[in-house]
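Please look over the model shown below. The paragraphs after it go through some of its local features.

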Amino acid sequence: MTITQCLALVAPNGTVRDDLRGLLGWVAALGPQTIQDAAIALDPYAVLSNGDPSRLTSTSRMKLIGALADLNADDPYFRRSDRWRTFSASGFFTGNVVHAVRPMLAASADGHLRGLLLELLVGSPAVVELRPELEAILLDENAYIGPRLNALSCLLGDSTYELDEALRSLVAMRDLDALRLASEIFMKMADAAPYEPLRSALQASAGLYPTDRFDRSRVIGERYFIKRLVGELALDLTVRLLDDLTDGLRCICGQERYRCHCRDGISKIVGLLLDNYFERARSLHDPDRVWRWVRSLQFHGQIGTDRSASVAALQADDTLRRALYKRAFAALTSRSEISDVAFDVMNSRGHSGLCQREGDARWLVDLAYETDNPSLWTVFAPSHRYYAASELRGPVDLRRHCREQAREKPILMREWARMNRALKKNWEQHRPRRYRFEARQRGRVRRLAEANTAFFRENRLAIEQGENVRWTCDVARTYLIQPDMLPEVTHGLFDPEIILRRSLLTLSDRCPSVGEVGEGDKQGWVQIFLAGAVAEFRATGTLATVAPNILRTILLGTHGYSAFAEGEREAFLAELRQRVALPPEEVETYARSYLEPSLSGSAAYTDLHFLDREPALKHLRASLPLEWLRRFPDLPLETLETLFDMAAGHGDRGELLTLMRERCMALNEGMLPHRNEKQRRFWFIRDFWFSQEVHPLVWAYMERDRDTVLWLEQLRERGRAEDAIWTTLSAPKIERILRTYLTEWPVVPLPSSWGTGSPRGETAYRYLRDIVWQIGRDDPAVALPVVERLLAETIALPSLNDLRSIRADLRRRAATASTRARPAEVAASLDAGLPASVEQLRALVLEFLQEMQKDIRAGHNKVRDQFYDGGERLNEVRAMACVSSWLEPRLAPYDVHDVVEHQLADRNRCDLTTTRMVAGQARMLVIEGKGQWHSDLFTAASAQLADRYGMHPHADEQGIFLVVWYGAGVEVAGRKRHGFASAAELQASIEARLSSHLKGRVDVVVLDVSRA
């Protein structure tokens, strides 16, 4: 098998198969210069990522770099999902390659190429030569973090690179990305890292935490690098940083404690340092030093011991924690100051490790007793539990202990008495009062309960028969929705299931009709009979005893109840549907009777999904929704939406389009009532979305209102490829939207997180940026011209790279063969050297035609003479016969047969076909032959070969257009003065007229049989 045939198998129509990219890469790595050049021309990225680029020749390496640059210009996102893959290219960057790469690194990051080169450079000796470019990328504040991290990785791998200057520059920038990069340098330098830049970096990192409680970042992990950096610091360095960062720390905003956020960031940093300190320091801790670190910290919440080593250590070490308490309250004698410190240090504002544990209050009381500090003693001495639950009231050991201390010191006794009097007075002022009206209310409730019980006893028989409708309705509703609440309704006097089952008989004559239920005021009756049917089914397992009219009524309201056990609802519905079993002629009447009353009355809610729930009614979705849209034009929007989706999903699309257009024309009448204005927007947007061609009046209405973009954005989630109703907008419609609204909604920054709270301008512009990608979902023949037009517009500049990537993907899709050889067929083809696809067959025939041309020029076997009859040229048919007779014996060893004129479908006659059977499927190459004189010479390749013969299911939309050239003296396409001097000029002219869609699918061969 020749390399041309192999590449035809690997890259049908010039597009490399994803599953064979590795084969292409290694073919290039192991092949000679010609094979490397051919592989690079097909897919340079596959050669680089799937092969071994270090095996390439010097010439091929330079071609590969140039091809990658061209690929990046045409398709900036050429790596796609492969972007997250890493690989090595050791030995690839030789001197000339480095020289070629240098300007690519210096250029602005436009696409994936620069990031790819940076990844390949990591660990390469070429980094030394490229230091200026790499350092420029590292310090570029406008570059994305990815390329900067890659550049830093390259520089960190260079043992001779001095990091200090770059480190200081990054710290001076003080932004998130720069500090993250600086942290990588600090971790690389470890103990050799300079102290002052490290301290400055941590101080700057404190500014990354928000100071507004409403400004909380939604990017998870953006500050995680700080935790990683702090976790790598040695103990002595951690202690020094704690001393410096907490020195002079105090509030500078002057706000109340709960509003103060000026210390949030530095407190977070110090908290991480404390975690690292307690993880590394195993010896006794200096309480004075630890207190200096924690006394001024400010937090707005608590964390547990499982999330912080310092919290775990302080909570576990009673001695250290209480030593910190002692320092916190030292020299404080004012009760208000002590209360403030206790709140700031020991509650949610301070470090979580200082929260009180069992025994801390007694220790603080004893400290106050020993130091004669009555204010401190009073703050922590417990009071009576006035407001505690009754089971929690009783003697308190700590209170008894405090009473004993008060008896020993008069100053404490005075505080003890004062505190108890104040607390009792406060309780008396604020305790819950038992007012007379409350007593009367409780009495009324008690009497009502007694009256109900008496009534139930007196009327037990009627109630058990279900004749008390109001109470039976309450029982039914509770039975279906909250069965655990039934004892409160029945007062424990009745069995609800017995009552509900009996009501099926006693109340059967009051069962509402289907139409009455549809009018919307009989829901209580439906619940009574549904609950009775459920109770009957649970008791007997069947609904055979339930009246048919009741079954038809309850079928309407079986949804929305949660009181069924697992699998019970399905069994009940199966039994119910089997018992109802409407005759086919009554199904539509049944549905109309239930749904049309609420539709005709424009009710706020109509149970239209009843048609979806009931299998026997689903076929009605094809006709009734469309009819109702016509009959009831003034429905609420929610009802309109449901009917429209049903009609679009199941009805006649042509009738729906006609209805939409009629409604749009009827509503296109100036100012309308507010409700009709909403309907106008409803119908116009749907007409735009679903109609093949956009009506001028519809678009005129839409383009008048810039908020149309926001309405389209709300419908975006419906427009998914897997949604059979709300399919993706076509490329021309998206082009229309972009051209109209990009000027209406200016460019705004798009944060990485968004939602319903995003500003209108951001929502609209994000939609306009995102909708560009939907162009690529359309057919390439439709979408490619749209992309080309948008690329020429200045308004599309923000999406320039997106459009280029879409264009490249569309071209690949357009060139992808409709049938592909399966893996087993590929393996068999490579082993046996036999063609497995039309593409491969085309390559084989092209090689033989080139060989035939050589034989003609060399005069072998008088091949040229076969195209002449004496001195006269042959006509087309006989000339093609000569080609066929020459090809047939040469193709036979490749199991290719039938090199003959072929009659195709619809009376199409192809000059030549070559066919091979592969796994029982025909692979047929069609060849259309023309003499140079034929009048359709320049159009037959597309109009005849591609549009007629190439459409054959076995031809895979491919073929060869073969022209026989008899010399410049013979007319061309019916013209004697044609200006073509050689076969090569004619071939170039025909190829130039081929559309971009045909290039790669149709080959033009001009066979020179001239005697000149």
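A residue is called buried under 20% relative accessible area, exposed over 50%, and partly exposed in between (1.4 Å probe, protein chains only). Arg822 has a relative accessibility of 48%, so it counts as partly exposed. Arg822 sits in the loop between helix H44 (800–815) and helix H45 (823–832); helices are DSSP runs (H or I, at least four residues), numbered from the N terminus. Between Arg822 and Leu962 there are 140 residues in sequence and 30 Å in space, C-alpha to C-alpha.

This is a predicted model, in which local features need pLDDT of at least 70, side-chain atom pairs count only at pLDDT 80 or more, and totals for chains, interfaces and linings use all residues. Residues are numbered from 1 along each chain as its sequence is written, and side-chain values use heavy atoms, with hydrogens and water left out.

Aromatic rings come next. Rings of Phe, Tyr and Trp (its six-membered ring) pair if their centres lie within 6.5 Å; planes under 30 degrees apart are stacked, over 60 edge-to-face, and the rest tilted. The count by this rule is 27 aromatic pairs. In one of them, the ring centres of Tyr590 and Phe610 are 6.1 Å apart and the planes are at 55°, so the pair is tilted. Because Tyr590 belongs to helix H33 (residues 584–600) and Phe610 to helix H34 (residues 610–613), the pair ties together parts that are 20 residues apart in sequence. Both Tyr590 and Phe610 are buried. Elsewhere, one aromatic cluster is formed by Phe644, Phe682, Trp683, Trp689, Phe690 and Trp726.

Methods
Helix = DSSP H or I, 4+ residues; strand = E, 2+ residues; numbered from the N terminus.
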